[in-house]
Amino acid sequence: MAACEDDRIEWKPAQHPNFVGVKKKIMVLSGKGGVGKSTIAATLALGLVERGYKVGVMDVDFHGPSMPVIFGVEGLRVTGGKSGILPAMIGKNLKMISIGLFLDERDEAVIWRGPLKMTALRQFMEDVCWGELDYLVIDSPPGTGDEPLSVAQLIPDAYGLIVTTPQELAMADVRKSINFCRRIGM
């Protein structure tokens, strides 16, 4: 079982004791908003759970967190323990973390720039006690900005799952996501 204690050692996030029990990581991304990234991420997570896997969902869309809405856990708040932040449990084998679980009001705006997003992402990896997971599905915001780039840098063994719709506008943006994944080696 993964260690879940604060031993005050400087760790790279992917090697942090709270994250080492996470086996496979899949980032769901797209260059375009509104193409179904969050729906695909949630469906993928549920499908893996149905197959008997232990799954986590990390919602890194800090400005538009949708996982609490999709999973019907709005109003639920995460709790902390001596090991760190305990992710929300959705059923027996599904854990979830989202900035939406920290907000006091559903319509509260998260007004952050890059450094705060990076800090939150690191906290989602280091301070959340994930335990043993077969899969971590990471729901990212649209584009190739801070969140997807930070995930790729902090979790170098993550796979990318690119979502699009058949409209030319969406296809033009998704080509950028494909090039992004190629350039960063995802």
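This is a predicted model: local features need pLDDT of at least 70, side-chain atom pairs count only at pLDDT 80 or more; totals for chains, interfaces and linings use all residues.
1. Residues are numbered from 1 along each chain as its sequence is written, and side-chain values use heavy atoms, with hydrogens and water left out.

2. What does Lys-23 meet in a salt bridge? Its side chain meets that of Asp-134, at 3.4 Å from N to O (a salt bridge is a side-chain nitrogen of Lys or Arg within 4 Å of a carboxyl oxygen of Asp or Glu). This pair links distant parts of the chain, with Asp-134 in strand 7 and Lys-23 in strand 1, 111 residues apart. Asp-134 counts as buried because its relative accessibility is 18%. Strands here are DSSP runs of E with at least two residues, helices are runs of H or I with at least four, and both are numbered from the N terminus.

3. Lys-25 is buried, with a relative accessible area of 5%, while Asp-157 is partly exposed at 39%.

4. How many salt bridges does the structure hold? There are six, and one of them joins the side chains of Glu-168 and Arg-175 at 2.9 Å, N to O. Glu-168 is exposed, with a relative accessible area of 54%, and Arg-175 is partly exposed at 42%.

5. Six strands form an open sheet with mixed pairing, in the order 5-6-2-7-1-8 (two strands pair if DSSP finds at least two bridges between them). Strand 5 (88-89) and strand 8 (159-162) stand at the edges, each with a single partner strand, so one side of each is left without a neighbour in the sheet.

6. Strand 7 (residues 133-139) is worth a look: seven of its seven residues are buried. Six bridges pair strand 7 in the parallel sense with strand 1 (residues 22-29), and Ile-138 in strand 7 stands opposite Met-27. Strand 7 also runs parallel to strand 2 (residues 55-59), joined by five bridges, with Tyr-135 as the bridge partner of Val-55.

7. Strand 2 pairs with strand 6 as well, in the parallel sense over five bridges. Met-58 stands opposite Ile-97 in strand 6.

8. Lastly, the surface. Asp-104, Glu-105, Asp-107 and Glu-108 form a negative patch; patch residues have over 30% relative accessible area and no salt bridge, with like charges joined within 9 Å and nonpolar side chains (Val, Leu, Ile, Met, Phe, Trp, Tyr) within 5 Å. Glu-105 sits in the loop between strand 6 (94-98) and helix 3 (114-126). With 56% relative accessibility, Glu-105 counts as exposed.

Definitions and conventions: Accessible areas come from the Shrake-Rupley method with a 1.4 Å probe; for residues, only the protein chains shown count as cover. Lys and Arg count as positive and Asp and Glu as negative; His and the chain ends are not counted. The place of a charge is taken as NZ of Lys, CZ of Arg, CG of Asp or CD of Glu. Buried means under 20% relative accessible area, exposed over 50%, partly exposed in between (1.4 Å probe, protein chains only).
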